[in-house]
Amino acid sequence: MVCRVTTFAFEGVEARPVDVQVQLTGGNPAFHIVGLPDKAVGESRERVRAAFASLGLALPPKRVIVNLAPADLPKEGSHYDLAIALAMLAIMGVIPPDQLEQFAAMGELSLDGSLGETVGVLPAAMAAEALGLSLICPEICGAEAAWAGGSVLAARSLIALINHFTGRDAIGPPKAGDLTEPPPGPDLRDVKGQEGAKRVLEIAAAGGHNLLFCGPPGSGKSMLAQRLPGLLPPLSARELLEVSQIHSIAGLLERGRLSRTRPFRAPHHSASMAALVGGGIKAKPGEVSLAHHGVLFLDELPEFSAQVLDSLRQPLENGEAVVARANRHVRYPARFQLIAAMNPCRCGGGPGAAACTRGPKCAESYQARLSGPFLDRIDLYYDTPPVTAVDLALPAPAEGTAEAKRRVEAARAIQLERFDEQVSDTRRPVNADAPLSELELHARPDEAGASLLSGAAERLALTARGYTRVLKVARTIADLDGSGNVRRVHIAEALSYRQRPPGRGEGVSAEAMVR
């Protein structure tokens, strides 16, 4: 006789069904788990044995074989404990085997038989719902699993499940966790003397464009970046589900609480490639995936290793991070908005006594840490000037985050109407992700603008990618202006933001472009 219970293995955010098969055979008493288990799965036999002992149950004095099918799919993690234990209880006659046919199970067993928290419950609950199954999970994960909308059985312990399936004490369905709203973030009114930087930040927020601030220490680069999430609209229902699945795999959902605030991730410049892009022993999602549909802020950009920065090129282009293994490829969504900040040179490049004393070579060697292909994926460059004492003495600006956010939301509403039908799992309804066919349709400049762009493309030696990104930024500027057409002034402003940091090429001002 073979008893079966369904559980799940994770490949990225995809939950793949695994058939847990338990059989008792003759021979010397033993407990074997087969089907490419890792060490954590292999240790399930000891946790199951101890949990049964705490309930006053003993394993049959037979040879126990647990097969995790498909056998060629690697199995990782401790969440297989519950499925193995339930299949064992069924084959021992403690619970009726037919009761488990409509259930999938995942959860880690404690030695006393209680069920501990496990990661990945939300994508597992969605996969179970797609298979027409109910999910059994730990009680602490019930609020998270309930967001999938299917049938969920959240139990505190193994004995609670036995009582439920034998009809002694039924377990009620859990309620979905709260949709939390974090406190308001920092306001743009706190930033003084950087009106041009606020303008470019607003453009980046409106179109989902990548942005690089370059300026001396204390010029407000980090302050501006930290205020970007306040300008962005909340996550849509589809985006919320995608983001929450990734955070569930990473174990970042606390008590099933979800938030429609877009993620903001700011890793330290010492972060490794695995930490940033994903990887490690279990191929966990990296910062680029945790920032999916949100913002990835890289402060002190040249201090990141060149290899780590160049590993961002594929996610920036394709919207996904691929972790390669010898026998598989794990894919995580990574459609994020990159905001970066840097000093002009290692000395800081500030005014007066803080000015660089080593000449242009200092800036050139510092900027050389950033590769050309990486910089080509930046839509907007802005040199933040130093903030003077006069600027700081001025009263707070009249406009803050609320006023800028209204303009951003109006521009985003235009883009949503424009691109909503073409949005896929790896695209956002923003100008930064617009395909070339849509640019031909919606971002074709007028005759004066086309002439300006053609001439500037030669003078600035724009690549094909750079050319299209100028058009995308110009389309966003036109949306902020409420203009249906991309005009010369929009092209000129977009070109003014296509400059390179000091030492990487000359910038061209909007005024010069118009002239």
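Analyst: Leaving aside its neighbours within four places in sequence, Asn 67 is in contact with Asp 19, Val 20, Gln 21, Val 34 and Gly 35, where contact means heavy atoms within 4.5 Å. This is a predicted model, in which local features need pLDDT of at least 70 and side-chain atom pairs count only at pLDDT 80 or more, while totals for chains, interfaces and linings use all residues. Residues are numbered from 1 along each chain as its sequence is written, and side-chain values use heavy atoms, with hydrogens and water left out.

Asn 67 has its place in strand 4, which covers residues 63-69; strands (E, at least two residues) and helices (H or I, at least four) are DSSP runs, numbered from the N terminus.

For the chain as a whole, 74% of the contacts with a separation of 6 or more join residues 24 or more positions apart. The chain has 22 helices and 20 strands, and its C-alpha trace spans about 90 × 45 × 45 Å along the principal axes. Of its 515 residues, 51% are buried, meaning under 20% relative accessible area, with exposed being over 50% and partly exposed in between (1.4 Å probe, protein chains only).

In soluble globular proteins, nonpolar side chains tend to be buried together. Beyond its neighbours within four places in sequence, Leu 211 is in contact with Val 200, Leu 201, Ala 204, Leu 338, Ile 339, Ala 340, Ile 378 and Leu 380.

For another residue in a strand, you can turn to Arg 265, which lies in strand 13 (residues 264-265). Its relative accessibility is 22%, so Arg 265 counts as partly exposed. Apart from neighbours within four places in sequence, Arg 265 is in contact with Leu 252, Glu 287, Leu 290, Ala 291, Val 295, Leu 296 and Phe 297. Arg 265 and Pro 385, by contrast, are 120 residues apart in sequence and 25 Å apart in space, C-alpha to C-alpha.
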